[in-house]
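Subject: Structure for your review

Dear colleague,

I am handing over the structure below, followed by notes on what was found in it. Please read the notes with the model open beside you.

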Amino acid sequence: ILLLNRYMKSIHCASVYYRTAAAQQSLAKAISDASITFLDYSVPSAEIAQKLDNDECSILITEGGLLSEVLKSAKLEKLQWIHSTLAGVDKLCNTPSFELLKKRKNRPTITRTSFTNNMAAYCLGWITNQEHHFQQLLSQQQNCTWNKLKTRPLSSVVVGILGVGDVGQGIAASMKSVNMKTIGYSHWTKEAPFIDQVFPSDLESVLAQSDYIINSLPNTAETTDMLSGDVLRTCKKKPVFINVGRGNVINEQSIISALDNNWISKAILDVFLEEPLPAESALWKHPGVIVTPHVAGGPLIDDCHPFINDSFKANWMNFQQGKPLNLCVDYSKGY
């Protein structure tokens with residue numbers, strides 16, 4: 001991790017999440033020992049680039065997609081730290097602008113915002129819904145039917161988590177809080193907190209053992225179509241598939257095929273290759289699919305800033321003390 005100059009305290013913010021005065025004031029209050037310059041995110045990226053270069057920007061809070069455009073014309077020679085307002089950084093890391101950053105002698109540190117607790121609650125909520133048959137119970141209520149449905153001990157439930165980074169570990173922690181077994185898939189990691197067993201580069205073992213499969217992987221070349229085709233044929237227990245990572249991991253037809261072939265029993269989808277999900281998508285009306293509009297992380301645009309404030313403030317305190325920053329993007333991995 002790049003060691004940052006603790007005495008450079010000028011911060012620039014160009015973000016849709018700080019478009020209101022209330023959001024700007026909340027960040028200024030959270031980081032009261034530094035000056036923050038708020039830029040209009042909606043003007044042409046070249047104008048933002050010129051302003052950042054003129055101010056010799058060293059710390060920037062922004063979205064990855066906007067930064068990738070700004071870097072097309074900005075030099076940002078003094079830039080030391082970029083804080084992404086989002087958890088996912090694929091709109092920066094999958095672009096030529098990121099490749100230019102990688103070639104710099106002094107690469108800026110890139111950190112991310114955490115929405116992990118909300119995403120973990122989303123996953124645990126849907127699993128609770130499945131295990132306790134809430135939808136069936138609501139249907140019974142409408143018919144004035146008193147009928148107890150069979151449940152199983154949560155200790156017998158195996159949750160397979162694809163991706164064991166910050167989000168995957170947070171999801172695993174929520175599952176362990178109710179005594180479920182957790183297993184994980186990772187290309188890089190052999191063990192992780194709250195995960196009983198990690199299977200490095202062994203996707204088949206995770207799919208075969210899981211009652212629930214939760215995807216938390218980022219959008220990279222390696223994860224694209226990782227579950228597409230007949231990959232889910234490996235599933236032995238007809239698991240429920242929950243996707244809170246990115247939609248690139250499996251294409252639409254593969255989801256439908258996996259459901260129609262009973263390789264999986266249900267697909268709970270919060271992320272898609274194309275968002276908003278087109279009205280003509282077959283996913284909307286498939287009986288085995290539940291669609292949510294990319295809300296696992298929780299807030300709407302005007303409600304995001306408290307999450308960003310918290311993540312940035314925690315790293316700002318580390319920055320002030322010369323400590324390593326949290327939730328850093330690995331340049332070699334691209335996330």
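**Helix packing, H1 with H11**

H1 and H11 are roughly parallel to each other, a term that applies to angles under 35 degrees, with over 145 counting as roughly antiparallel, 65 to 115 as roughly perpendicular and the rest as oblique. Please bear in mind that this is a predicted model, in which local features need pLDDT of at least 70 and side-chain atom pairs count only at pLDDT 80 or more, while totals for chains, interfaces and linings use all residues. Residues are numbered from 1 along each chain as its sequence is written, and side-chain values use heavy atoms, with hydrogens and water left out.

The axes of helix H1 (residues 21–30) and H11 cross at roughly 20° and come within 10 Å; axes here are lines fitted to C-alpha atoms, for helices over the stretch in contact, with angles running from 0 to 180 degrees between N-to-C directions. Helices (H or I, at least four residues) and strands (E, at least two) are DSSP runs, numbered from the N terminus. On the H1 side the contact (heavy atoms within 4.5 Å) is made by Ala23, Ser26, Leu27 and Ala30, and on the H11 side by His305, Asn309, Phe312 and Lys313. The residues of this contact of H1 with H11 divide into 4 nonpolar, 3 polar and 1 charged, where Ala, Val, Leu, Ile, Met, Phe, Trp, Tyr, Cys and Pro count as nonpolar, Asp, Glu, Lys and Arg as charged, and the others, Gly among them, as polar.

**H6, H8 and their surroundings**

Helix H6 (residues 116–131) packs against helix H8 (residues 166–176) at an angle of about 45°, with their axes 8 Å apart, which makes H6 oblique to H8. The crossing of H6 past H8 is right-handed. H6 contributes Thr116, Met119, Ala120, Cys123, Leu124 and Ile127 to the contact, and H8 contributes Asp166, Val167, Gly170, Ile171, Ser174 and Met175. By class, the residues of the contact of H6 with H8 are 8 nonpolar, 3 polar and 1 charged.

Within H8, the buried residues (under 20% relative accessible area, against over 50% for exposed and in between for partly exposed, with a 1.4 Å probe and protein chains only) are Val167, Gly168, Gly170, Ile171, Ala172, Ser174 and Met175. What covers these buried residues of H8 includes H6, strand S6 (158–162), S7 and strand S9 (212–215).

Met119, in helix H6, is buried, with a relative accessible area of 10%. Its C-alpha atom is separated by 7.2 Å from that of Ile171, 52 residues apart along the chain. Leaving aside neighbours within four places in sequence, Met119 is in contact with Val167, Val244, Ala296 and Gly297.

Val157 is found in the loop between helix H7 (134–142) and S6, and is buried, with a relative accessible area of 0%. Not counting residues up to four places away in sequence, Val157 touches Glu131, Arg152, Met180, Lys181, Asp211 and Tyr212; the C-alpha atoms of Val157 and Glu131, 26 residues apart along the chain, are separated by 9.4 Å.

**Backbone points to check**

A cis peptide bond, with omega of about -5°, joins Glu275 and Pro276, and Pro276 is found in the loop between strand S11 (266–269) and strand S12 (289–291). Asn179 has a positive phi of about 70° although it is not a glycine, and lies in the loop between H8 and strand S7 (181–186). Leu327, also a residue other than glycine, has a positive phi near 55°; Leu327 is placed in the segment after helix H11 (305–320) and is partly exposed, with a relative accessible area of 22%.

**Cysteines**

The count of disulfides (pairs of cysteine sulfur atoms within 2.5 Å) comes to 0. For Cys93, the closest cysteine sulfur is in Cys328, 12 Å away and too far for a bond, and Cys93 is buried, with a relative accessible area of 7%. For Cys235, the closest cysteine sulfur is in Cys123, 16 Å away and again too far for a bond, and Cys235 counts as buried at 9% relative accessibility.

Methods: Left-handed = near helix turned anticlockwise from the far one by under 90°.
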